[in-house]
Amino acid sequence: MRFSPSRTTAVALAVVASLATSGCASLAPADDRPVVVTTFTVLADMARNVAGDHLRIESITKIGAEIHGYEPTPGDVRVTAGADLVLDNGLGLEAWFERFVGELDVPHVVVSGDVDPLPIASDVYAGRPNPHAWMSPLEAQRYVTTMVDAFSELDPPNAADYRSNGEAYAAEIDDVHDELIDGLSGLPRSQRALVTCEGAFSYLARDGGLEEAYLWPVNAEQQATPGQIAGAIDFVERNDVAAVFCESTVSDSAMRQVVGATGARFGGVLYVDSLSLPDGPVPTYLDLLRYDVRTIVGGLTGSVAAE
Ligand SMILES: [Zn+2]
């Protein structure tokens, strides 16, 4: 079901067609700043940090949305058609977006353009790029640079501000990388393993020198098979893993089975594909990155009490 055209997509494409012929002009922004549309909340927050007040940033998907299997609505297509610039993650994350954005006459930048992709290792996705590069503070700094360049081209008079905003923001992101490296520095090689529900941490695991294991490679599945659960149990037992984790946008019941069958603790919830609401634990991308790094370091080193 992953990439097959759906009725919703057909409707969305029909809207694209009608926009193209009617020259719809009812999409004037609420203010006169240029409008940048992103595909999900993480990119929108990163873009706001680079843009400051100069641009109006919108996210197509809302907080908590499942991004991989999202179906765009006609409203999404209208909003995107009215934008001055659209940013998507790329690396196969938003197949639903790539389907319609090509039909629109809007400048389009893929923010992972300068990332060295890691492949997905297993399952039907094997060999495709892992899309979750924003989970690496090192790769995220490349996203920031790409946004600085894109915004400077869109709005040259404010290019110096985009540059300085981007540099300050990248430095904050880099601090989280240092926290990861410092936090894990005392962890023996034999215990350097990160077990999660979705295979969303390949980049972060690489940065932190952790071997990665997961129940399913991409959240479009969200349902662990008995074989995947057995594989995770085997990995945890072989590597004597202290703690396992699961992401906020999926059920943790399969990972709880792994906990029940092994000596591992449940190390906590990780945030990847969406920010939380403003009063939740990760209202911004920097919060998300710090929260995950602290949860992972705490769980693996035992420096934080288990949930
Ligand atoms: Zn994901």
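Author: Let us begin with burial: a residue counts as buried if 20 or more other C-beta atoms lie within 10 Å of its own, as exposed if 12 or fewer do, and as partly exposed in between. Please keep in mind throughout that this is a predicted model.

Reader: Is Leu91 then buried or exposed?

Author: Leu91 has 21 C-beta neighbours inside 10 Å, and therefore it counts as buried. Leu91 is found in the loop between S3 and H4, and its phi is near 55°, which is a positive value in a residue other than glycine.

Reader: Where does Asp240 lie, and what is its phi?

Author: Asp240 lies in the loop between helix H8 (226-239) and S7, and its phi, near 50°, is again positive in a residue other than glycine. Asp240 has 13 other C-beta atoms within 10 Å, so it is partly exposed.

Reader: How should I read a loop residue such as Arg33, and which residues does Arg33 touch?

Author: Start with its place in the chain, which is the loop between helix H1 (7-22) and strand S1 (35-38). Because 15 other C-beta atoms lie within 10 Å of Arg33, this residue is partly exposed. If residues up to four places away in sequence are left out, Arg33 touches His54, Leu55 and Arg56. The C-alpha atoms of Arg33 and Ile57 are separated by 9.6 Å, although these residues are 24 apart along the chain.

Reader: How many helices and strands are there in the chain, and how much of the chain counts as buried?

Author: The chain has ten helices and eight strands, and 45% of its 307 residues count as buried. Among contacts between residues at least 6 apart in sequence, 63% join residues at least 24 apart.

Reader: How do I read a sheet, and what is the order of the strands in the open sheet of four strands?

Author: Strands of a sheet pair through backbone hydrogen bonds, either parallel or antiparallel. Here the open sheet of four strands has the order S2-S1-S3-S4, and the pairing is parallel. Strand S2 (56-59) and strand S4 (108-110) stand at the edges with a single partner strand each, so one side of each is left without a neighbour in the sheet. Neighbouring strands of this sheet are turned against each other by 25° on average, with direction ignored. Helix H2 (residues 41-51) packs on the sheet, where it touches S1, S2 and S3, and its direction makes about 170° with that of S2.

Reader: Which residues are bridge partners in this sheet?

Author: S1 and S3 run parallel and are joined by three bridges, and the bridge partner of Thr38 in S3 is Leu87. Strand S3 (residues 85-88) also pairs with S4 in the parallel sense, over three bridges; Val86 has His108 as its bridge partner in S4, while Asp88 stands opposite Val110.

Reader: Which way do the residues of S3 point?

Author: In a regular strand the side chains alternate between the two faces of the sheet. In S3, Leu85 and Leu87 point one way, Val86 and Asp88 point the other way, and all are buried.

Reader: Which elements make a right-handed β-α-β unit?

Author: One such unit is made by S3, helix H4 (residues 95-101) and S4. Another right-handed unit is made by S7, helix H9 (residues 253-261) and S8. Strand S7 (residues 243-247) and strand S8 (residues 265-270) run parallel and are joined by five bridges, with Ala243 opposite Arg265 in S8.

Reader: At what angle do H6 and H10 pack?

Author: Helix H6 (residues 159-184) and helix H10 (residues 285-301) pack at about 0°, and their axes are 10 Å apart. Angles under 35 degrees count as roughly parallel, and therefore H6 is roughly parallel to H10. The residues that make the contact include Ile173, Val176 and Leu180 of H6 as well as Leu289, Val293 and Val297 of H10. Taken by kind, the residues of this contact divide into eight nonpolar, two polar and three charged.

Note on methods
Residues numbered from 1 in each chain as written. Predicted model: local features only at pLDDT ≥ 70, side-chain atom pairs only at ≥ 80, totals over all residues. Helix = DSSP H or I, 4+ residues; strand = E, 2+ residues; numbered from the N terminus. Contact = placed C-beta atoms within 7 Å. Pairing = 2+ DSSP bridges. Right-handed = clockwise from strand over helix to strand, strands pointing away. Axes fitted to C-alpha atoms, helices over the stretch in contact; angles between N-to-C directions. Parallel < 35°, antiparallel > 145°, perpendicular 65-115°, else oblique. Nonpolar A, V, L, I, M, F, W, Y, C, P; charged D, E, K, R; others polar.
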